[in-house]
Structures are given as structure tokens and as C-alpha cells.
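Subject: Structure for you to look at

Hello,

Here is the structure I promised to pass on. Please open it and keep it beside this message while you read.

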Amino acid sequence: MEMKNNRFLKTFKKLAGAREFTVLVLVLLAVILMSATNPIFLRSTNIQSVLLGLAADGILAVAITFACITGVFDFSIGAMMGFAGMLLAVFSQKGINIWLAAVLALLVCMGFGLINGLLIGKIRLNALIASMGMQKVIHGVVYVISAGLPIRVLTTPAFKNLSQFRFMGLQMFVWIYFVIAVVAEILLRYTTPLRKLYYTGSNEKAAVFSGINTVRVKICVYITTASLAAVSGILYATRFGSATPDAGIGTEMTVLSAAVIGGASIKGGEGSVLGTFLGVILMNLLNNALVIYRLDVFWQTLCEGLVLLAAIVIDYSIHASRNRQRLKSST
């Protein structure tokens, strides 16, 4: 009996020490608080709104998690999301079959992801600066091809079901995100190719010495982040029936906040899709609280900025504490 109690305590301590557990507790507290203080929160329409926001941000959050784990940044994913939706709209207006238009939009975005990967992985440009530069380039292309105006997506009922069809009360957009998140988490945890992301992010030099082609890893990561952003953008544009030139702008900071809150480290080598999933829920609950409590919408940017700063400070503090412990153990 005592051995069982010891095992239980050890398991509980391990869970309590995980960042995901902390975020889960915060999410549950937020849900309880909002449910108790505002009846609007539990309305089905509000919950649907939260889940749709979760899906739109969540796919991008999976992308930024891959980048953080690898020890790089990709601030072009928000722009890539809007770019994919705009390409879908433009191709559909040209009379191209909507399914083919989606594939073409995905391939074009993958091409931009490849360029990002080559610039950062092969040429070794600073990931932050290079991805921000690509963000500006993509925004510029979007405004050029759209003339700054929304463009309608000429779709078919079958294609529209990808984002609007309901299964068990939830739109397919939400289900697609859940599938992407689950598959990404399993691949990160249990497959050798994606474990290389952790090795590259934690110590790139050691990864190279162990035989890992870190350049290829980074290129693949940027192609993946671009692909996920494209999928999000295509589903987003299909859901609303049009593509707008400002779609995705600023989203990269929101999803970065969610990833860091969930345990991804901006220094690389740490993170999980599960933690990011919980972080995205927490960020969406924060945004939803501003709406249902009728606070000024301009508070959203301030709150997101404060949350991101707090998450970065916590991440830095954790790493500093670990470094101090290592120094003490080595002396």
C-alpha cells in the first residue's frame, strides 16, 4: 500500500512540475470564473465562437511550435495565412477548379517556406530578421494582387463543407485542427525524424556532430510551417467566402504567446503541441472575456502583449534557474 502511495505521489509531482499541468489549471480556473460571473459564456453560440477562434489560431500555433522547438522563428506565418486565402480567391476568380486552386495555393506557400528555409538554414541569416522580411514581402504581394480589396472565393458546396459542415455540433474547421494537433503531437513524441527538431533546437553543434543534417531539418520546418499556415488560410477564406488583404496580420504574436505559455522555449529544444493547445485555449478565453465583459477591443492588444512578456520572463527564469543548478552540480 505504501509503495502504491509513493508511486502516486511521484506521478503527481511529475505532472505538477510539467508546464502543461500549470496551463491546464489556469484554463480550468478561467472557465470556472467566466461561467460563474457571466451567463453568456456558456451559451452555445459563444462556445462555438471560442472554438472557431481556437481552430484558426491553433493551426498556426502548431506551426510556430515546430519553429520554437527547432530554435528558430517564423514571423511570416500570419502573412502566409492571408496569402494562401488570397491566392485561393484569385485562382477561383480565374475559373480554376477550387480543389486545384487550393493545391496551387498550398504549393506556392510551400515555395515561400522553402525560400525561408534556405535563407535561414543554408545561408544562415538571422531567423527573426529574415522571417520578418519575408512577412513584409508576402504582405506586399497580397496587397498588389488584391489592390487592397477583399476578393470573393468562388467555391463549391463540397469544398465549402471543409470549413462549414458540422459534425457532432462542431464545424469541420475545428475537427481539422484537432486532427492536425493530435497527429503533430504523436509525430513529435514518437517519430525519429521529428525528434531531430528537439536535438537541433537544444544544441545545434552537438546535433551536427551526431550526424543530423540541421540545414535540412530547418528547411523542412519552414516548409511545414508555411504549409500549415496555408491550410489555415484556405479554410479561413472558405469559411467567410472571401479573402481579405489584412487576414492573419498580427496573428503570429498571438500564437507565439500561446506556444511559449504552453512550454515552448524561444531558446529551442522544448515544447509540445499539447502545451500549445492549452496555451491557445487560454489566449482565446482571454480574448473572449474582453468581448463578453464588454471591454474596449483595444485592450486585446495590450493584454496579449503583457501575456507574451510574462511568458518570456517565465521562460527565461526557468532557463536561468536550470543553468544555476547545473553550475552548482558541476562544482
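Trp-175 lies in helix α8. Keep in mind that this is a predicted model. At 23% relative accessibility, Trp-175 counts as partly exposed, because that class runs between the 20% limit for buried and the 50% limit for exposed. Set aside the neighbours within four places in sequence, and Trp-175 touches Phe-167, Met-168 and Leu-170. Now follow the chain to Arg-189. Trp-175 and Arg-189 are 14 residues apart in sequence, and their C-alpha atoms are 21 Å apart in space.

Aromatic rings

Trp-175 also belongs to an aromatic cluster, together with Tyr-177, Phe-178 and Phe-277. How many aromatic pairs does the structure hold? There are 7. One of them joins Tyr-177 and Phe-178, with 5.9 Å from centre to centre and 45 degrees between the planes. That pair is tilted. The reason is that stacked planes are under 30 degrees apart and edge-to-face planes over 60, and the rest count as tilted. Phe-178 is partly exposed, at 23%.

Arg-195 lies over the face of Tyr-198, and the distance to the ring centre is 4.5 Å.

Two packed helices

Go back to α8, which spans residues 172–190. Its partner here is α11, residues 214–240. The two axes come within 11 Å and cross at roughly 170 degrees. So α8 is roughly antiparallel to α11, because angles over 145 degrees count that way. Which residues make the contact? From α8 come Phe-173, Ile-176 and Ile-180. From α11 come Leu-228, Val-231, Ser-232, Leu-235, Tyr-236 and Arg-239.

Two buried polar residues

Thr-70 is found in helix α3. Its relative accessible area is 2%, so Thr-70 is buried. A polar atom of the Thr-70 side chain lies 2.7 Å from the backbone oxygen of Phe-66. What does Thr-70 touch beyond its neighbours within four places in sequence? The contacts are Leu-197, Thr-200, Gly-201, Val-217, Lys-218 and Val-221.

Ser-76 sits in the loop between α3 (44–70) and α4 (77–93). Its relative accessible area is 0%, so Ser-76 is buried too. The side chains of Ser-76 and Asn-116 are joined by a polar contact of 3.1 Å. Leaving out neighbours within four places in sequence, Ser-76 is in contact with Asn-116, Ser-131, Met-134, Gln-135 and Ile-138.

An enclosed helix

Next, find helix α12, residues 251–261. Why is this helix described as largely enclosed by the rest of the structure? Because 10 of its 11 residues are buried. Among them are Thr-251, Glu-252, Thr-254, Val-255 and Leu-256. Ser-257, Ala-258, Ala-259, Val-260 and Ile-261 are also on that list. After α12 comes Gly-263, with a positive phi near 115 degrees.

Gly-305 lies in α14, residues 299–330. In sequence, Gly-305 and Thr-254 are 51 residues apart. In space, their C-alpha atoms are 8.5 Å apart. Gly-305 is partly exposed, at 30% relative accessibility.

Positive phi outside glycine

Two loop residues deserve a look. Arg-124 lies in the loop between α5 (98–122) and α6 (127–146). Phi of Arg-124 is positive, near 65 degrees, and the residue is not a glycine. Arg-124 is exposed, at 53% relative accessibility.

Ala-147 is in the loop between α6 and β1 (151–152). Its phi is about 60 degrees, again a positive value in a residue that is not a glycine. Ala-147 is exposed, at 62% relative accessibility.

Where to start

Begin with the aromatic cluster of Trp-175, Tyr-177, Phe-178 and Phe-277. End with α12 and the 10 buried residues in it.

Best wishes

Note on methods
Residues numbered from 1 in each chain as written. Predicted model: local features only at pLDDT ≥ 70, side-chain atom pairs only at ≥ 80, totals over all residues. Heavy atoms only, no water. Phe/Tyr/Trp six-rings, centres within 6.5 Å; stacked < 30°, edge-to-face > 60°. Buried < 20%, exposed > 50% of the residue type's maximum accessible area, 1.4 Å probe, protein only. Lys NZ or Arg CZ within 6 Å of the ring centre and 35° of its normal. Helix = DSSP H or I, 4+ residues; strand = E, 2+ residues; numbered from the N terminus. Polar contact = N/O pair within 3.5 Å; in protein donor to acceptor, adjacent residues only side chain to side chain. Contact = heavy atoms within 4.5 Å. Axes fitted to C-alpha atoms, helices over the stretch in contact; angles between N-to-C directions. Parallel < 35°, antiparallel > 145°, perpendicular 65-115°, else oblique.
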